[in-house]
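Keep the sequence and the model side by side while reading.

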Amino acid sequence: MKLLLRMTITLGLLVSSPALLAADLNGLWKNDEQAIWINIQFDGDSATGTVARDDADPAAVGALILKEVVADSEAWHGQIYAKKLGAFKAAELTLTSSDQLTILVNMGLFSKSVGWTRVTALPAD
């Protein structure tokens, strides 16, 4: 009986893990290096991220910056728009704490890690 209970709990955690991860990733995030905020939202099992504010490029608001973000057991994987390259590139998203997100962008032989901090609202102008 105990074995059956353990197996049921383990299976439940495995099945619900993507949903739990998604709940943690949803929300508004501010780039740690630039005045850029993105809004990440899940629709089912995948997420997208749009620019909520970009002080250097206000016309970018609403632009799709993350797409096809899906969870696995340790992180999320998807595509991020690399503005300098003008294309979407593979990315890995990892929560380092409940309010700190790291996005690792792979660009062929090079990769870049970008930090994001969860915020509750956009700053007043």
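Is W37 buried or exposed, by relative accessibility? W37 counts as buried, because its relative accessibility is 5% and buried means under 20% relative accessible area, with exposed over 50% and partly exposed in between (1.4 Å probe, protein chains only). The model is predicted, so local features need pLDDT of at least 70 and side-chain atom pairs count only at pLDDT 80 or more, while totals for chains, interfaces and linings use all residues. Residues are numbered from 1 along each chain as its sequence is written, and side-chain values use heavy atoms, with hydrogens and water left out.

W37 sits in strand β2, residues 36-43; strands (E, at least two residues) and helices (H or I, at least four) are DSSP runs numbered from the N terminus. Leaving aside residues up to four places away in sequence, W37 touches L28, W29, K30, T50, V51, A52, R53, D55, V119, L122 and P123, where contact means heavy atoms within 4.5 Å. The C-alpha atoms of W37 and R118 are 9.4 Å apart, although 81 residues separate the two in sequence.

Strand β2 also holds N39. At 26% relative accessibility, N39 is partly exposed. With residues up to four places away again left out, N39 touches G27, L28, T48, G49, T50 and A52. From N39 to G62 is 23 residues along the chain and 9.3 Å between C-alpha atoms.

Next, the chain as a whole. One helix and eight strands are present, in the order α-β-β-β-β-β-β-β-β along the sequence. Of the 125 residues, 27% are buried. Among contacts between residues at least 6 apart in sequence, 30% join residues at least 24 apart. The chain exposes about 7900 Å², and carbon and sulfur atoms supply 60% of that area; accessible areas come from the Shrake-Rupley method with a 1.4 Å probe, and for residues only the protein chains shown count as cover.

Most residues other than glycine have a negative phi. E68, in strand β4 (residues 64-71), has a positive phi, near 55 degrees.

How many salt bridges does a search of the whole structure find? The search finds two, a salt bridge being a side-chain nitrogen of Lys or Arg within 4 Å of a carboxyl oxygen of Asp or Glu. One joins R53 and D55, at 2.6 Å from N to O. R53 is buried, with a relative accessible area of 15%, whereas D55 is partly exposed at 40%. The other joins K83 and D57, whose closest N and O atoms are 3.0 Å apart. K83 lies in the loop between β5 and β6 (87-97) and D57 in the loop between β3 and β4, so this pair ties together parts that are 26 residues apart in sequence. K83 is exposed at 56% relative accessible area, and D57 is partly exposed at 24%.
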